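Open your viewer and get ready to click along with this tour.

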Amino acid sequence: MNLHYVILKDDFMRAGEASSNLKKKLKQLGISSGVIQKVAIAMYEAEMNMVIHANGGVIDIDIEPQRIYIKLEDTGPGIPDIDLAMREGYSTASDQVRDLGFGAGMGLPNMKKNADMLRIASEVGKGTTVEIEVML
Amino acid sequence: MKAKHSVELIHDKCIGCTECIKRCPTEAIRVRNGKAIIIDSKCIDCGMCIKVCRSHAKKATTQSMDRLQDFKYKVALPAPSLYAQFKNQENANVILTALKMSGFDEVFEVSRTAEMVTDYTKKLIEEGKLKKPIISSACPVIVRLICMRFPSMVENILPVIPPVEVAAIAAKNHMEDQGIPRQEIGAFFISPCAAKNSYTTNALGIEASQIDGVISMQDIYIVMLNNMRHIKEPEILLQCSDKGIDWAISGGERRGVELESAIYVDGIDNVIKVLEELENGQLQDVDFIEGLACSVGCLGGPLALVNGFVAKNRLRIIERKLDSLPRRVLDIDESRIPMDFTKPLEPTGVLKLDGDMAVALEKMERIEDIYSGLPGIDCGACGSPTCRALAEDIVQDNANQEDCVFTLRSKVKELAGYMMDLAAKLPQTISDDKKE
């Protein structure tokens, strides 16, 4: 089945809602808690990135019997150096965002740790597309 | 783990309103035939429905004092919350004596054994074998919540029996050592908590509880008040210190554990929020979580008499007075009390739409489809707490599309449209004079 979410820029009030929503559905489908935990963490970090760094975006999710596929697309500033971004502790979050407790620089590393497949495509000035796959 | 809930409906008082169905944190209640029905498998005994029902139609299942007659020897296990229920009474020995006079042969404070659980927890933490963050197992509601809604965190639950269970075992050991046959001893928890009753019939983490009954603090209050008037010199029954009594207040257990990165959360909605964050991989630095379903802690339980915030202050006063009171020291042989869980906790899987994932997926698609046709305002008039819950109920054959008042009205409007249409057209065979 397909799910579609729209994420608004800087919408901290609702940050994490899409992940919570997805988690609830996965539990209703009886998916193992190990898989749910991986999806929860990977998706939450990706969703937060969209709120903090991009100008919001859209999330499309495919739930299939063998895998869960998540695609996050935004039209934000893009990531100039993806390898640098993947480094633990590196963050480009603004001071305001750090004041809120985010921006520890663990988002992308956490995503990599929990996803079975992680693909990031980005163009500066155009936007970023993140693809996550977790196998059942 | 089949849960039997300890909340029941007083049928005649229920008016079938939407209060409890909307406030239940697990959406376990529906209104059918004008009365609220609790879905057994989804109820976690939080007692929220008891607190919010304005018709006072919900009550906790507890045993009446008559149950004491079933046993030759009776021991009372008072919850630390009991100390705070009596205005102007700051002498713990007086309170315990008044309790004993209510029909018991012995009194064994749960606050005493709470200290034992704290020490044992600290030992386990030092051994480093526990999965972090460690989640306290003291509140049975939170344990059931996790088994139902947060299955990935079942392994984080501290696998140690709660203080009240330790108290029951310790009390029975103590009385057995004095020559009393164990099966003739009835151990009764004097409780602020609705959930402990189902714990005694359906124990968590162990085969069976050694608690024989749960008596509501509200049921014993008047008896104790009367007894207090007749006490000239109280018996010395006090065993515990302020550390154990503190467990009645949110943060008390955490304070005892002495971990810097430990948090305490009270109120079921707050606990759910924290557990969601934990599930998202946040709260990485937290080592210990004390979660309590009731605001303020056990003092705020549905069976308490005094407002939790007032009781909190009273309890602090009683704690301060403890040092000036005579106490008794009963030797508790810890080797005779099995503190660890003997049965692993298991996720209940009750949220699953179907055992077969392919069927569950298909049901979910149908739910989305039905949900998109519902107004989405969660009014509760259909007897389900939300439009999404109604959509699920419809797919699971527990409700009909027409249960939705809005759906029904738009269908009536459609029907009225047809009738107007028909009324405007009469058969051509009728003569013009007869037509209106």
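Two residues are in contact here if their C-beta atoms, placed from the backbone, lie within 7 Å. Helices (H or I, at least four residues) and strands (E, at least two) are DSSP runs, numbered from the N terminus. Residues are numbered from 1 along each chain as its sequence is written, while chains are lettered from A and ligands numbered from 1 in the order in which they are written. What you see is a predicted model: local features need pLDDT of at least 70, side-chain atom pairs count only at pLDDT 80 or more, and totals for chains, interfaces and linings use all residues.

Start with helix 1 of chain A. This helix has 12 residues and reaches 17 Å from its first C-alpha to its last.

Which of its residues are buried? Select Ala18(A), Ser19(A), Leu22(A), Lys23(A), Lys25(A), Leu26(A) and Lys27(A). Buried means that 20 or more other C-beta atoms, placed from the backbone, lie within 10 Å of a residue's own.

Now show what covers them: the cover includes strand 1 (2-8), helix 2 and strand 2 (56-63) of chain A, plus helix 11 (268-279) and helix 13 (357-372) of chain B. Just after helix 1, click Gly30(A), which takes a positive phi of about 80°.

Next, color the chain contacts: 19 residues of chain A are in contact with 18 residues of chain B. Helix 1 (17-28) and helix 2 (33-52) of chain A each supply at least two residues of the side that touches chain B.

Finally, select chain B, where you can trace 15 helices and 11 strands. Buried residues make up 47% of its 436 residues.

Technical notes
Expected span 1.5 Å × (residues − 1). Buried ≥ 20, exposed ≤ 12 C-beta atoms within 10 Å, placed from the backbone.
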